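Work through these exercises with the structure in view. Try each task before reading its solution.

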Amino acid sequence: MVAFIRFADTLSAAFGKTFGWLILLMTFGTSYEVFVRYVLNNPTAWAFDVSFIMYGTLFMMGGAYTLSRGGHVRGDFLYRLWRPRTQATVDLILYLFFFFPGVTALIVTGWKYAARSVGYGEVSVNSPAGIPIYQFKAVMVAAGILLFIQGIAEILRCIQCIRTGTWLRAEDDVQETEDIILNKATAAESDAHP
C-alpha cells in the first residue's frame with residue numbers, strides 16, 4: 001500500500017515539475033509578444049493560442065501533483081478541527097462518490113473529444129495562424145489518467161490513516177511562502193521562550 005502511494009506521489013511530482021517549466025516558456029512567449037506588438041508594432045498571429053495552450057496544459061498536468069501535496073481547495077475551517085481518522089473517513093467517502101466519477105467522466109469524455117480532434121486535425125479558430133490544438137485535447141486524457149492514479153493513492157492514504165490514526169504525507173519538496181514564514185516565526189518564538 002505504501003509502495004503504491006509513494007509511486008503515485010513520485011509520478012505526479014515528475015509530471016507536475018516537468019510541466020511546471022511551461023511557466024518559463026509562457027513568460028518568454030508573452031514577453032516576446034509584448035515587445036513585437038508595442039515596440040515594433042508587428043503583433044504575432046500565434047501568441048494568444050500558444051499561451052492559452054501552454055497555460056491549459058500546465059493547469060491540467062499539475063492537477064495530480066497538487067492533489068498529492070494536499071493543495072486543492074477544501075473547507076479547511078472545519079476539516080482541520082477534525083481528528084485524522086474523521087478526516088480520512090470523510091475524504092474516503094468524497095473520493096468514492098465525487099472524485100472518481102468526475103475523473104472517470106473526464107477520461108472517457110476527453111478520449112472521445114481528443115480522438116475526434118486528432119481525426120480531423122483540429123486547429124484553433126481564434127487566430128489566423130491556425131495553430132493545431134488536437135494535442136492539447138489529448139492532454140485532458142493524460143491529466144485524467146494521472147488524477148485517477150493519484151486518486152487511488154489518496155484512497156489508500158485514507159485507509160491507512162483510518163487504520164493508524166496518522167496521515168502518510170507526501171515527501172516535502174515545495175512549500176508555500178506563508179508556511180515557510182509561519183515555521184520561521186514558530187521557531188523564533190520557541191527559541192525566545194525555551
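**Exercise 1.** Is glutamate 33 buried or exposed? Then find its salt-bridge partner and describe the pair.

*Solution.* 
Step 1. This is a predicted model. Glutamate 33 has a relative accessible area of 8%. Buried means under 20%, so glutamate 33 is buried.
Step 2. The partner is arginine 37. The closest N and O atoms of the two residues are 2.7 Å apart.
Step 3. Check the partner's accessibility. Arginine 37 reaches 35%. That value falls between the limits of 20% and 50%, so arginine 37 is partly exposed.

**Exercise 2.** How many salt bridges does a search of the whole structure find? Which parts of the chain does the bridge between aspartate 9 and arginine 157 link?

*Solution.* 
Step 1. The search finds four salt bridges.
Step 2. Aspartate 9 and arginine 157 form one of them, with their closest N and O atoms 2.5 Å apart.
Step 3. The two residues sit in distant parts of the chain. Aspartate 9 is in helix H1 and arginine 157 is in helix H7, 148 residues apart.
Step 4. Aspartate 9 has a relative accessible area of 4%, and arginine 157 has 3%. The limit for buried is under 20%, so aspartate 9 is buried and so is arginine 157.

**Exercise 3.** Which residue forms a salt bridge with lysine 137? Where do the two partners lie?

*Solution.* 
Step 1. The partner of lysine 137 is glutamate 122, with 2.8 Å between the closest N and O atoms.
Step 2. Lysine 137 belongs to helix H7, while glutamate 122 is in the loop between H6 and H7. They are 15 residues apart, and the pair links distant parts of the chain.
Step 3. Lysine 137 and glutamate 122 are both buried.
Step 4. Now look for a network. Salt bridges that share partners join Asp9, Glu154 and Arg157 into one.

**Exercise 4.** Which residues form a nonpolar patch on the surface? Is tyrosine 38 buried or exposed?

*Solution.* 
Step 1. The patch consists of Val34, Phe35, Tyr38, Val39 and Leu40. Together they have about 550 Å² of accessible area.
Step 2. Tyrosine 38 is part of helix H2, which covers residues 22-39.
Step 3. The relative accessibility of tyrosine 38 is 66%. Exposed means over 50%, so tyrosine 38 counts as exposed.

**Exercise 5.** What is the volume of the largest pocket? Which helix gives the most to its lining?

*Solution.* 
Step 1. The volume is about 1,600 Å³.
Step 2. The lining has 39 residues. Nearest the centre of the pocket are Thr66, Arg69, Gly70, Gly71 and His72.
Step 3. Several helices supply at least two lining residues each, among them H1, H4 and H8. H6 gives the most, with five residues.
Step 4. Sort the lining by type. It holds 16 nonpolar, eight polar and 15 charged residues.

Conventions
Residues are numbered from 1 along each chain as its sequence is written. This is a predicted model: local features need pLDDT of at least 70, side-chain atom pairs count only at pLDDT 80 or more; totals for chains, interfaces and linings use all residues. Side-chain values use heavy atoms; hydrogens and water are left out. Patches are made of residues with over 30% relative accessible area and no salt bridge: like charges are joined within 9 Å, nonpolar side chains (Val, Leu, Ile, Met, Phe, Trp, Tyr) within 5 Å. Accessible areas come from the Shrake-Rupley method with a 1.4 Å probe; for residues, only the protein chains shown count as cover. A salt bridge is a side-chain nitrogen of Lys or Arg within 4 Å of a carboxyl oxygen of Asp or Glu. Helices (H or I, at least four residues) and strands (E, at least two) are DSSP runs, numbered from the N terminus. Buried means under 20% relative accessible area, exposed over 50%, partly exposed in between (1.4 Å probe, protein chains only). On a 1 Å grid over the protein atoms alone, a cavity is a set of points where a 1.4 Å probe fits but cannot get out, and a pocket is an open set with protein on both sides within 12 Å along at least five of seven lines; lining residues have an atom within 4 Å of a point. Grid points are joined across faces, edges and corners, and a volume is the space filled by probe spheres set on the points. Ala, Val, Leu, Ile, Met, Phe, Trp, Tyr, Cys and Pro count as nonpolar, Asp, Glu, Lys and Arg as charged, and the others, Gly among them, as polar.
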